[in-house]
Amino acid sequence: MTIHLHDTLRGRKLPFEPHKEGEVTMYLCGPTVYNYAHIGNARPAVVFDLLARLLRRSYKLRYARNITDVDDKINQAAIDSGKKIDEITAQYIKAYNDDMRALGVLPPDIEPRATQHIDEMIVMIGTLIDKGFAYEAEGHVLFDVSSDPDYGKLSKRDLREMIAGARVEVAPYKRSAQDFVLWKPSTPELPGWDSPWGRGRPGWHIECSAMAEKHLGETIDIHAGGQDLVFPHHENEMAQSNCAHDGAPFARYWLHNGFLSLDSTKMSKSLGNVLLVHDMVKKIPGELIRLALLGAHYRQPLDWSDAALEGARSMLDRLYGAIRGIELSDAERKAADPPAAVIEALEDDLNSPKAMAELFSYARALNKAKDENERRKLAAEILAAGDLLGILQMDAESWFAGNNDSELSADDIESLLKQRDEARASRDFATADSIRDQLAAAGITIEDSPTGARWRRS
RNA sequence: GGCUAGGUGGCAGAGUGGUUAUGCAGCGGCCUGCAAAGCCGCGGACAUCGGUUCGAUUCCGUUCCUAGCCUCCA
């Protein structure tokens, strides 16, 4: 089955055909590094990591995820903290990569940084001026929206209506309220670079156009990001790139993930309800967070809550419970492919909830199977699906052992289990049950089986 | 106000013009010393009002509601 993807520009799901046969280029708008990433920031990173993993099965993928390291919010963070800009960006770039790794996000092939592509941006801005799509005014360079007849097509906005509804305050140097900044002047204390228009810094949108062109070419196959980037960020990127490239399409498929809310409200610093991935991964297994993020289809809204997290935990308990106790060799693991139904679900516009549902039918089959070879085969297939989805990366015993922060160590538990076994052997069930109660009080659940008792933290 | 997405059983969340989502929770059974896990089975849903149709949760339109965007934002 061919991969189908929903394209924002055309507004529907389409069969995916890359520009060049067998090769795919993908660009994701990454973080602005002035703070830790919150759980909403993690959604596109995780969702499109899954897409990257899926694409790599069938194509040679070149995947870029940029880092915005020049931005007014960064400048403000430097002023607020008294730190140097470089210190701040270095700190948060490292934190971002660490946090994403904890969520099972594989590194992209390229991680271009805005500050390392100023020359390319200046060249592109010059091209836009030369071709009549941009103009200089009071040290600024602005994109002339009226010069691009396609402007508004991505976000499905009517330019005239936007003008009618525009805010009152329009910078005096703008010809039109919708014109946006490609280059703006910097004061001496702000970061800046020499340019034909004086010392300054780039506008927000130009970096993605310039970096995508440099690393992936004039036309990229997939451009992804959060839904809130459709306007103005992606609309503006598309305008810049299309105009600079004489109409060559910037992206063949535009993918946008839905918004994440927190307990049904928008995350915002003023409400104080921002969940930082950096804090969460200290307490919660990364793949649990990852599965919770993949628990809804990527284009659907997702409400983050403890209940959502517990739902993901139940799912992982069930899957780990099925494969628990089956030791596979590396060769057995490598030989297995994910179930076809799982792949088909993912190839249908990255339907991760469907993929999970298919995986559960394999877990059920494994739980029912008596034949050891059959069980090993099913376990290997489930684990192969886990590798594709970025889950089931832990040893099952470790998963059920959980955090080691309770009063009972694994050795304590084993010792108590042994006592209980002895009591049970002599049919002293009162003692056996009191040990079980003792363990239950410490959050340990016992599971007896023909091969002896197992335990897990709940 | 405009644009774009949605509104599915107790919760989460897929999907479909007529037939089982799936996970959790609930109920009954099997297994168990009793549990837990697992297995088998059961109940319960498609916001509203119209229309198309032999038949609509699924297509079209109305109304209501929700979210995002329209200003920095994943």
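A salt bridge is a side-chain nitrogen of Lys or Arg within 4 Å of a carboxyl oxygen of Asp or Glu. The side chains of Glu-310 and Arg-313 meet in one, at 3.6 Å from N to O. The structure is a predicted model, in which local features need pLDDT of at least 70, side-chain atom pairs count only at pLDDT 80 or more, and totals for chains, interfaces and linings use all residues. Residues are numbered from 1 along each chain as its sequence is written, chains are lettered from A and ligands numbered from 1 in the order in which they are written, and side-chain values use heavy atoms, with hydrogens and water left out.

**Domains**

- Chain A is divided into domain 1 (4-257), domain 2 (262-399) and domain 3 (403-457); the bounds come from an automatic or database domain assignment.
- Between the C-alpha centres of domain 1 and domain 2 there are 31 Å.

**Where domain 1 meets domain 2**

- In contact (heavy atoms within 4.5 Å) are 33 residues of domain 1 and 35 residues of domain 2.
- The two domains bury about 2,900 Å² between them, and 65% of this is on carbon and sulfur atoms. Buried area is the accessible area (1.4 Å probe) that two parts lose on being put together, summed over both.
- On the side of domain 1, Ile-39, Arg-43 and Leu-50 lose the most area to domain 2, together 25% of what that side buries.
- There are 14 residue pairs in polar contact across this interface, both residues being at pLDDT 80 or more. A polar contact is a pair of N or O atoms within 3.5 Å; within protein, one must be able to donate a hydrogen and the other to accept it, and residues adjacent in sequence count only if both atoms are side-chain atoms.
- Elements giving two or more residues to the side of domain 1 that touches domain 2 are β1 (4-7), α1 (39-58), α3 (85-102) and β10 (251-257). Helices (H or I, at least four residues) and strands (E, at least two) are DSSP runs, numbered from the N terminus.
- Helix α1 supplies the largest share of that side, 14 residues.

**Salt bridges**

- The whole structure has 32 salt bridges, and two of them cross the interface of domain 1 and domain 2.
- Lys-13 pairs with Asp-348, with 2.8 Å between the closest N and O atoms.
- This pair links distant parts of the chain, 335 residues apart: Asp-348 is in the loop between α12 (340-347) and α13 (352-368), and Lys-13 is in strand β2 (residues 12-15).
- Asp-348 is partly exposed at 27% relative accessible area, and Lys-13 is also partly exposed, at 41%. Buried means under 20% relative accessible area, exposed over 50%, and partly exposed in between (1.4 Å probe, protein chains only).
- Arg-175 and Asp-144 form another salt bridge, their closest N and O atoms being 4.0 Å apart. Arg-175 is exposed at 61%, whereas Asp-144 is buried at 10%.
- Glu-310 and Arg-313 are about one helical turn apart because they are three residues apart in helix α10 (residues 306-323).
- A network of salt bridges links Asp-317, Glu-447, Arg-454 and Arg-456.

**A buried leucine**

- Leu-291 is in helix α9 (residues 286-294) and counts as buried, at 2% relative accessibility.
- Apart from neighbours within four places in sequence, Leu-291 is in contact with Ala-312, Met-315, Leu-316, Met-356 and Ile-391.
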